[in-house]
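Colleague: I would like a close look at a single part of this model. Please keep it brisk and spell out your cut-offs.

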Amino acid sequence: MEKVLLVDDEKEFLEIMAERMEARDMNVTTTTSPKEALIKAQEESYDVVILDLMMPEMDGLETLKELKKKNPDLQVILLTGHATVQKGVEAMKLGATDLLEKPADLKILTEKIKKAHTKKMVLVQKKAEEKIRHILAEKGW
Amino acid sequence: MDRQLDTGIETGLQFFGKMTASISHEIKNVMAIINESAGLLEDYSLMAEKGMPIDPERLRVVSDRVANQIRRANGITKNLNSLAHSVDEFQKSVDIKETLELAVGLTGRFADMRSVILDFQPPSDFPAVITSPFHLLNLIWQVLDFAMDASGAGKRVELTFEAGPTSVKIRFTGIEALTNVPETVFPTAKEAALLHMLGATIHQDAEKGEINLVLPKDVRQQVTAES
């Protein structure tokens, strides 16, 4: 089961998306506040964060930057009304996993969530292997 | 003079672009909710096909959501239509209350993005003004844009207007951080060009956190601004 944090200032959009994603066996947490999203992402381990690009309080790119600063392995998919090429490039440079335009097809979004989840698992596994290698080298076994 | 006209035209195009981009973004948000609502109904039908009971209340919630979004989209497209028609005639008689309502409607999303509340309190008397509706909308936006940034901790900008014999004064209050803004910062060349086009003047009262925009009732006549 993928653990997803959904961040968007459109409350109704969050409610429907959460219901639909939960019906697809995902564990979904929602928030309309980017600042709250930063706290939640620090308290819990999410497989994927789905983030709106334009929100009050904090710009989506700014939120992405903060999320990646705190957890570089976190998979963030940006969901936006209008993505300019410039914003898209900027988002990718900041480490976004993907970018989708609203209205998005849930099938495509679900695929991207699953891909992001797999990517996270690979990264976690890689880190664990590195840690073991490091311990082995250090102890000289 | 030509430079001022160029600035006026340039700022007009920028204003039009900014507003239409914002409107299209809002429409996309509405479409996304309607799209997901349709998807949710599809999910419900698949569940029903599998023999799972669907609570009619859940269907009612979806139906209400779609109706709400249609109302929202109707308001957005109405504003877009009014903005588009504001360039039909360079000068015409406009209802100042309707113009301010439209300006507030167009600015709503920008206010939300900055967590600022826009509060428009029209008086009971609505004067008609002969002016350039598009340039007036642009100038009101420029003032609101500045006022929202300078609204300080209160994060509330109030608008009202009052009519004099030959002019109308639009009052923007709640600009708490106006005392911190040097007079050279606002109005800029953009606003100066629009003020010139509209024969209007701007007066700032930093102590009161207030900006007054004084418009002639008839742009075609020589006006002495009443403050």
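How many residues of chain B are in contact with chain A, and how many of chain A with chain B? Please take chain B's contacts from there.

Modeller: This is a predicted model, in which local features need pLDDT of at least 70, side-chain atom pairs count only at pLDDT 80 or more, and totals for chains, interfaces and linings use all residues. Residues are numbered from 1 along each chain as its sequence is written, while chains are lettered from A and ligands numbered from 1 in the order in which they are written.

Now the contact itself. 18 residues of chain B touch 16 residues of chain A. Two residues are in contact if their C-beta atoms, placed from the backbone, lie within 7 Å. On the chain B side, helix 1 and helix 3 (96–113) each supply at least two residues. Helices (H or I, at least four residues) and strands (E, at least two) are DSSP runs, numbered from the N terminus. Helix 1 of chain B gives the most to this side, with 13 residues. By class, the side of chain B that touches chain A has 5 nonpolar, 7 polar and 6 charged residues. Here Ala, Val, Leu, Ile, Met, Phe, Trp, Tyr, Cys and Pro count as nonpolar, Asp, Glu, Lys and Arg as charged, and the others, Gly among them, as polar.

Chain B splits into domain 1 (2–85) and domain 2 (92–216); the bounds come from an automatic or database domain assignment. The C-alpha centres of these two domains of chain B lie 27 Å apart. Their contact takes 12 residues from domain 1 and 16 residues from domain 2 of chain B. On the domain 1 side, helix 1 (2–49) and helix 2 (56–85) of chain B each give two or more residues. By class, the domain 1 side has 3 nonpolar, 8 polar and 1 charged residues.

Now the partner. Chain A has 5 helices and 5 strands. Along the sequence, chain A runs β-α-β-α-β-α-β-α-β-α. Its radius of gyration is 16 Å, close to the 14 Å that the globule rule gives for 141 residues, so chain A is as compact as a globular protein of that length. That radius is taken over C-alpha atoms, and the globule rule is 2.2 Å times the number of residues to the power 0.38. The C-alpha atoms of chain A fill a box of roughly 55 × 35 × 25 Å, taken along the principal axes.
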